[in-house]
Amino acid sequence: MYGLKQEWDIEPQPRNCTLEDYQGAEARWCPGCGDHAVLSAVQRLARDKQLPPEKTVVVSGIGCSSRFPHYMKTYGFHGLHGRAFPVACGVRSRRPDLHVFMVTGDGDCCAIGTAHWIHAIRYNMDLTVLLLDNNIYGLTKNQTSPTTRIGERSNTHPKGSFLSPLNPITVTLGITNASFVAQTVDWNPPHLYETIKAAYEHKGASFVRVLQRCPHFTSHIFAEAQHDLSQVLLMNHETGITIDQPVQRLFPNKIEHDPRNLAEARSLSERDDVYPIGLFYQNPDALRYDHATSQGVGMTQSAKLAAVEKALDRFVV
Amino acid sequence: MPAVVTAGEGLISRQQLRAFHLTGKGLNQAEPEGPMRPALLDQLPRLASLESGYPVYLAPRQLPRPLVEYLKEIVERHASAFPILSGQLPLMAHAFQRAAQDLDRVTIGQVAEPALAYCATFLESLHVDGQLVAKEIARLGKELDEAAWIVPFSGRAAPILYAAAVEASRGSARAHFIESLKECRDRVRELLVLDDSHSPDAGSAESLSASLGMEASAFFSTDLLAAALQRPVSALHSMEADRRLRCEAALVTLDAALERAAGEPAIYFFSAGDVRPAVSPIRASFRHTSTPFGDAVEFCEQELNRLAITLRALRTARLEVQTGYEPSIHDELLERFDWQSADAYELAALPAIAVLESAERLAETSLTGFGQALRSGLPVQILVEAAGLSAAALKAFVPDFGYLAIAHREAFVLQSSLACPNHLLAGLAAMAGSLRTAVAVVSVPQREIARAEGWTETLLLYLSHAVPAYCYDPGLGESWPERFTLLPAECGAESGEVLNAVHAIAVSRRFRSEFRLIPNGAWDGEQMELREYLEKYSQRAPLAIPFLWILDNEGNPQRAVVTRDAVNLCRERGRSWRIYEEFAAIRSGSEKKLSEPPDADQAKKEGAKQAIYRIVAMLTDTQVAAPVVAGESAVAPVELPLALAVAPAAAEEAPADPYIDSFLCTSCNDCMKVNPRVFGYDGNKQAYIADARAGTFAELVRAAEGCPAGCIHPGLPRPNDQTATAQVLLKAAKFSR
Amino acid sequence: MHSAVVEGGREQKVREARCVNQHIIEIVSDSGEGAQTCGQMFADLCARNGNGIWTVEIIPAEIEPPSRSRAGASGNRIRLGSTQATNAGTYADIVIALNEQVLYSRIDAGALRPGTTVFVDQAAAENPDDEIKHRYADAIADFATKGYVVVQVPIDRQCRLYTDDPRKGKNMWVLGLLCAIYDLDEALVRENIARRFAKKGDALVRKNLDLFGDGYGWALQNVEQRFRVPAQRSAQPMVVMNGNQALALGIMAAGMEVCSMYPITPATSVSHFLAANFEQVGGFVHQAEDEIAAIGFAIGCSYAGKTAVTVTSGPGLALKTEFLGYAVMAEVPLVVIVVQRGGPSTGLPTKVEQSDLLAALYASPGDSPKIVIAPATIEECFHFMITARKLAEDFRGPVMVLSDANLATGQQPFPKPHPSESWLSAPLDQSAWDPEIPPFAWDAKTGLSRRPIPGQRGGEYVLTGLAHDEESHVAYEAAINQRAMEMRSRKLAVLQGALKPPRVHGDAEGDLLVVGWGSTLGAIEEAVDAVRADGLRVSSVHLRFLSPLEPGLREIFSRFKQVMTVEVSYSDDVDSGYMTPDARRYSQLAQLLRSHTLVDVDCWSRVPGSPLPPLMIEQQLRQRLQPAKREN
């Protein structure tokens, strides 16, 4: 009689990946570097989501943060300075089955790679983009980056940087078709984790800026904020990034902000009295370029062959 | 035409009447010559108006539905275009029914012209503006889908309506299934192609020069190149032999399945009747056999086993494509895999296997087969055509097939009538979609009689509750009321009670021997109108002779005396109707319905909510409480939010033992650098105190100072820890007190 | 056919068609007058007839130059042959000019010779503006003195009988004229026109047929020249297309699924064709934000398992070089098409040149050995795509394909290829990877290795542009770096070992060997044949593989007294002012061959922005052979 054994389903046996399954080489970042926090947050996410390591790709450019892929036991692409975006988009273009993370730094993304950054946001392919922003070039030893604040001394500006810093959030919020823009800090792992999780779950290019210090060259920049969380403004919303009560209680300053409200998101992103963290803006309906690029994926050989024949026939005389 | 006894033959004696009533014999001269017209029918609305469910409209991949609905759709789509016709839909449907009535089925194109012409003339006869009508009719003609088929009311309508329902409700499942087969087949092919490319001989000079394009041989010595390319150790083992075999076998099976699917009909009919049901345009195969049930069951088993084989291949292929096949587990699972493990859409993709049987044959010869089919539990479908009431119904006990089938509990059962097309079509659709053993008993007119006559009889059988219309679907729930729905017979002005089985048989030639027409000369008080008679009849039959009011051609009332058998039939049918009403919980059942448990689990939900509230409340208490406790000290809560938040209890006084708010740790390795034995990482790669004794208090404090998350709390130094100088203790105070 | 000037318009006795085995026709007009459509259609018709053809577009430097300007010539040159035409030839036999001024740009380009018949639209003669009238009259007189056979044709006037905008009609009329002159089957042409314009509606078809018919009729009555270029239809079906279309179709036939590009002349039309047709084979054209992103996207796609192609030209190549280096270092399969144009810098965007050879070979930081191949015919443009993809995957690295503006726009018939499944890249491999085997398991002998593709369980690794070991772990140790470099370089040696020595056109030994590459094949061999016809001992070799170079060159060179390259790129002439043998800079192939073979390879090269005419080459060869003769 039909229906008795319906629940039978023959599926591949689930694997249980542990944190170790995502841990690659021993991380060589300086002790105290925020990159560690992001790394273990991503590894935890991968474990909690049980992403198959072989189906996960981490793409990066050049810089301290761009060593990231080496510390993941997944597929990785440690590319060229500033060029992580095009590579990540290329990886995604024909592989809807992969989970693509992209790690970049303030120099990589906001200086040499700016054109790619802007267009990748506009393409809105399904990527999880992590901008690890420590306001300095660390790998090349202390040069001013686009996000370095006025007056900060560096080897290229020993008297202090002249220019007011570029704000990656306001820029990204200004890009057509931006679909997910968030900010978090390396020194609050729960919020960091939830933010990256939300970014991963968002379908489209999710842009997360992680505020962090470089223990070597900019150890002071977020020092007060680390110990006095009243300098941080926690953006809350039911559709935003949700962290559980105990952590909520750490933040004296909270604001309700609907991530659908772009105008408000923009004005919040321009606040310089506090560090707003949470989800600035999300538009799940934004157009996705990878839908176009992946058309025809998996077409059979015979079908291709037939099509080529047809194309050639049009030139027969 | 009803006969009248002429006065010349003298009066009919009571004895004769009584004798006839009890035995059904004698007074043959008074036997009506043809079907009669019960006076009651005149009180009912025009029976024809109940007919507008015909003809039925069949469009490819759509469930059959009354043409009138299709017409409605059209005129509503262009409301402005059909001011007149939009009010005349039943008329138009009737026109098509008329034009098609002598055919089993026909395309709209074939009958549109006469049908529309009829409408035109009819409307003009109603003094509607002829030109306007002509215009609308012409427009409508353009809108109609000429290729679509229509089925008029006829004794042969049931099979094609059923076939159309099958085509519609299973077609999409079938298409979907075939797609998934193709998809899977292609993927396995790729797998094998790839495996070939991993094998050492893939790098052969031939295959290489082929793959380098036509110019290759001009520039390369391909065997040298091949030799070079073969060198790299292949990281890709070619598949293990048994996996390869599995894939190849699956591929073969899938190819075969696809090939077969291409040629399959939508239905296999099995029937002992030699008349092949006319069901085109639906593709069906017809098998004439003396044992239709046995054959159908056997054939169904074959098909299902075949399906199971295909599905095993499909499952295997899917697993292989995801490289998820693990012999230790799946071999055995697939071993046990049979058709019952299939997904619904996969079963629905099978052609329907249907037995076509007449009620007579079923009653006389094939009841055992019927039972066997029911017991089999296979998705065999049985379509029983009951043409009128069987004459035997009066003399002997005739099983109620619907009732029998329901008794089986797990089968889908439909009893319906061509006289209530909406119920029938809905029921057939449900049946076609059902994956259980399914039985449909359809009351149809006798084939040999005129259409109008057949219609009246069929309709009356239904309206009089002699043949109730109901559906029993075990898939709908556990309780009877959920599974069983009874269609209340509404015949218009008066309630179903008015009509009874005797009216129904009165209009049928088959039963005229059950009646005698007596001239009013012979009327007397001992005779009693049937309805009154039935009401009086509780235990014992009243001492009276029941009769029915009949109208002759001139419309004069006549008394038609009825036999005891007819009366019994009538009472038996009445009882069974009440039983069905109970199944449907229309009477006593209705109370059951009310007492069903939704309130119960509502209560559960409530309880759960309460619990949550309570927990939340507790939490909030601690929230409030914590700062108060903290309030004792001069330190503002802001400075100690972590300690408070995480371990409210700890707030009362500084804990002696060092601890870490692990959930705040950024895994930055700083503390590890201080002393890798004191600090360790937990399962989340977040730090905790692995062994406080493995290091000094000073180390704890240094780590706490370095920690970017400030989540290390050194606690109090252990006695005689030399490193705990005043200075260190001062620093430590920042992190705990 | 050195007959005297014929005044157009007057009745002429129709002559028998003269039989020639090849002929060169040019149609020039202000751009936008459709001379190119006309040329294309005429060429197609001849190809259908079974003639060998070679067509090149005559492209003005600007998109919409002023009308009646000398610089503004736009149109086609069509070379007809009874056998295969391998190049555009030297002098036109017939030129049809829709106004007398554009003709000058062709004269300046040296496309005409005394005796060339020029058909000129006499519209200007009837122009109200006296200035125009006079310039026309002067021009006609000038043409006559230059020795051209001038036929004045009332094209504009005739067209006005059928259309108010002759600019749109002339091409059909001229097509009629040509078909009459080369006496093509009129019915065939009409049927062809009908088919071609069917989409645009009957009205247009009818108009075009009228115009065609009028041109055809007019020519029969008024033009005395008649030519027939005998043709033999080949048994197998032939296709006619230009080089960029051939590249695009090759990409499809090679099973590549992504073309990532940034617009740049003259490469862009490859992606135009793909944009319209790629989806039929499940492919996709990505127009990136810049040249760097274009190659980055392609590399990402290749890394993920689908070998991609990027299409560019000189300036784009310059921008791509960093990523090219990455593809070499990280051994990512990749096909890079470079359709060369005039350089340096922005140079001559629409013109022919072969000067990106060394850039392709060396323009990446560090030592970046890569495969560089160059098709010499349009047919090769198609087939080299299949070869390129295959080599890129088997040798795990970038393969550069150098075409040029001459092949890109030139049209030539060739046998229709028969695509086979083995040309297609294998379906995405997701089978498990043996974790024991590292991502760069370099074979000690060949340096070849297989790469894991994301999705292959057990193959997880991190690709990097940093120096790395077999595990792809960053490694700065001297020994590891030395070995890795060696392995990447070794692959080229392996490929060369499998290459055949180039075929020598002409005798295996002699006084002079000409070496060429790319689109100059036809012109060089035609020149060589012409010289050999006079008994001079000259042969030629044409290279398809530039890196690795085809084997046996030194040996072949040794059999000739002199070796010289002929290239469309710059080199100092020995006798030019201030020039000393030490200071002299050789053209690029010459430099490559000299360093590679240690043979004193000489060169002759020019950068006219157009294909080298066979006659020019021929003259050079004869000059070179003078001293050689004296020595004997």
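Which residue of S16(B) does Ile518(B) stand opposite? In this predicted model, the residue opposite Ile518(B) is Arg559(B), in S16(B). The pair belongs to the antiparallel pairing of S13(B) with strand S16 of chain B, residues 557–562, which extends over four bridges.

These strands are part of an open sheet of four strands in chain B, arranged in the order S13-S16-S15-S14 with mixed pairing. From one strand to the next, the twist averages 45°. Helix H1 of chain B, residues 14–23, packs on this sheet and touches S13, S14, strand S15 (545–551) and S16 of chain B. The direction of H1(B) makes about 90° with that of S15(B).

The size of an interface is often given as the accessible area lost when the parts come together. For chain A and chain C, the buried area is about 5100 Å², with carbon and sulfur atoms giving 64%. Within chain A, the residues that lose the most area to chain C are Tyr75(A), Phe315(A) and Val317(A), which together account for 16% of what that side buries. The contact involves 50 residues from chain A and 70 residues from chain C.

Polar and charged interactions also cross this interface. Four salt bridges are counted between chain A and chain C. One of them links Asp313(A) to Lys416(C), with the closest N and O atoms 2.7 Å apart. Residue pairs in polar contact across the interface of chain A and chain C number 27, both residues of each pair being at pLDDT 80 or more. On the side of chain A that touches chain C, two or more residues come from each of strand S2 (75–78), helix H2 (84–93), helix H4 (114–123), helix H10 (289–293) and helix H11 (301–313) of chain A. Of these elements, H11(A) gives the most, with nine residues. By class, that side of chain A comprises 25 nonpolar, 13 polar and 12 charged residues.

Strand pairing also connects the two chains. S2(A) is joined by three bridges to strand S17 of chain C, residues 462–464, and the two strands run parallel. Within this pairing, His78(A) has Thr464(C) as its bridge partner in S17(C).

Chain B likewise contacts chain C, through 29 residues of chain B and 40 residues of chain C. The area buried between chain B and chain C is about 3000 Å², of which 67% is given by carbon and sulfur atoms. The elements of chain B that give two or more residues to the side touching chain C are helix H6 (157–198), helix H7 (205–211), helix H8 (216–219) and helix H9 (222–230). H6(B) gives the most to that side, with five residues. The side of chain B that touches chain C divides into 17 nonpolar, nine polar and three charged residues.

Terms used: Residues are numbered from 1 along each chain as its sequence is written. Chains are lettered from A and ligands numbered from 1 in the order in which they are written. This is a predicted model: local features need pLDDT of at least 70, side-chain atom pairs count only at pLDDT 80 or more; totals for chains, interfaces and linings use all residues. Side-chain values use heavy atoms; hydrogens and water are left out. Contact means heavy atoms within 4.5 Å. Buried area is the accessible area (1.4 Å probe) that two parts lose on being put together, summed over both. A salt bridge is a side-chain nitrogen of Lys or Arg within 4 Å of a carboxyl oxygen of Asp or Glu. A polar contact is a pair of N or O atoms within 3.5 Å; within protein, one must be able to donate a hydrogen and the other to accept it, and residues adjacent in sequence count only if both atoms are side-chain atoms. Ala, Val, Leu, Ile, Met, Phe, Trp, Tyr, Cys and Pro count as nonpolar, Asp, Glu, Lys and Arg as charged, and the others, Gly among them, as polar. Two strands pair if DSSP finds at least two bridges between them. Axes are lines fitted to C-alpha atoms, for helices over the stretch in contact, and angles run from 0 to 180 degrees between N-to-C directions.
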